Amino acid sequence: MTEAKCMYRPDFALFDHIMKTNNLKNDARLFEFFDKKISKPDISKYRHRKKKMGSQHILVIHEKLGMPVAEIRDFLAKR
């Protein structure tokens, strides 16, 4: 495995944290958990780093979980 593939992915960390703390088994359950406000394609794009998470989705996560926006941004800023 190359070093690029071993790289830490902050969006994985955020979604993995949310999935673990809310007992969600996959991205489809994550999609339903967020009341379909974050689309399945967007979840995939964030996971594969093809799209940067915007403020609207950060707000959806904040509203659903009560997680402080600063904490969400910390998960996303770790590279």
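**Exercise 1. Is D35 buried, partly exposed or exposed, and what is its relative accessible area?**

*Solution.* The model is predicted: local features need pLDDT of at least 70, side-chain atom pairs count only at pLDDT 80 or more, and totals for chains, interfaces and linings use all residues. Residues are numbered from 1 along each chain as its sequence is written, and side-chain values use heavy atoms, with hydrogens and water left out.

Step 1. The classes are set by relative accessible area: buried means under 20%, exposed means over 50%, and partly exposed lies in between (1.4 Å probe, protein chains only).

Step 2. D35 has a relative accessible area of 47%, so D35 is partly exposed.

Step 3. D35 belongs to the loop between α3 (27-33) and α4. Its phi is near 55°, a positive value in a residue other than glycine.

Step 4. R49 is treated in the like manner. This residue is in the loop between α4 and α5, and its phi is near 55°, a positive value for a residue other than glycine. With 29% relative accessibility, R49 counts as partly exposed.

**Exercise 2. Describe the secondary structure and the contacts of the protein as a whole.**

*Solution.* Step 1. Helices (H or I, at least four residues) and strands (E, at least two) are DSSP runs, numbered from the N terminus.

Step 1. The protein has six helices and zero strands; along the sequence the pattern reads α-α-α-α-α-α.

Step 2. Of the 79 residues of the protein, 33% count as buried.

Step 3. Contact means heavy atoms within 4.5 Å. Among contacts between residues at least 6 apart in sequence, 46% join residues at least 24 apart.

**Exercise 3. Identify the aromatic pairs and classify their geometry.**

*Solution.* Step 1. A pair of aromatic rings is described by the distance of the centres and the angle of the planes. Rings of Phe, Tyr and Trp (its six-membered ring) pair if their centres lie within 6.5 Å; planes under 30 degrees apart count as stacked, over 60 as edge-to-face, and the rest as tilted.

Step 1. By this rule there are two aromatic pairs. In one of them, F15 and Y46 have ring centres 6.3 Å apart and planes at 40°, so the pair is tilted.

Step 2. F15 lies in helix α2 (residues 10-21) and Y46 in helix α4 (residues 40-47), so this pair ties together parts 31 residues apart in sequence. F15 is buried at a relative accessible area of 0%, and Y46 is buried at 1%.

Step 3. F33 and F34 also form an aromatic pair, which is edge-to-face: 5.3 Å centre to centre, with 70° between the planes. Both F33 and F34 are buried.

Step 4. A charge sits over a ring if NZ of Lys or CZ of Arg is within 6 Å of the ring centre and within 35 degrees of the ring normal. K64 lies over the face of F33, at 5.0 Å from the ring centre.

**Exercise 4. Which residues does H57 touch, not counting residues up to four places away in sequence?**

*Solution.* Step 1. H57 is placed in helix α5 (residues 55-65). At 11% relative accessibility, H57 counts as buried.

Step 1. With that exclusion in sequence, H57 touches K37, I38, D42 and Y46.

Step 2. D42 lies in helix α4 and is buried, with a relative accessible area of 12%. Not counting residues up to four places away in sequence, D42 touches K51 and H57.
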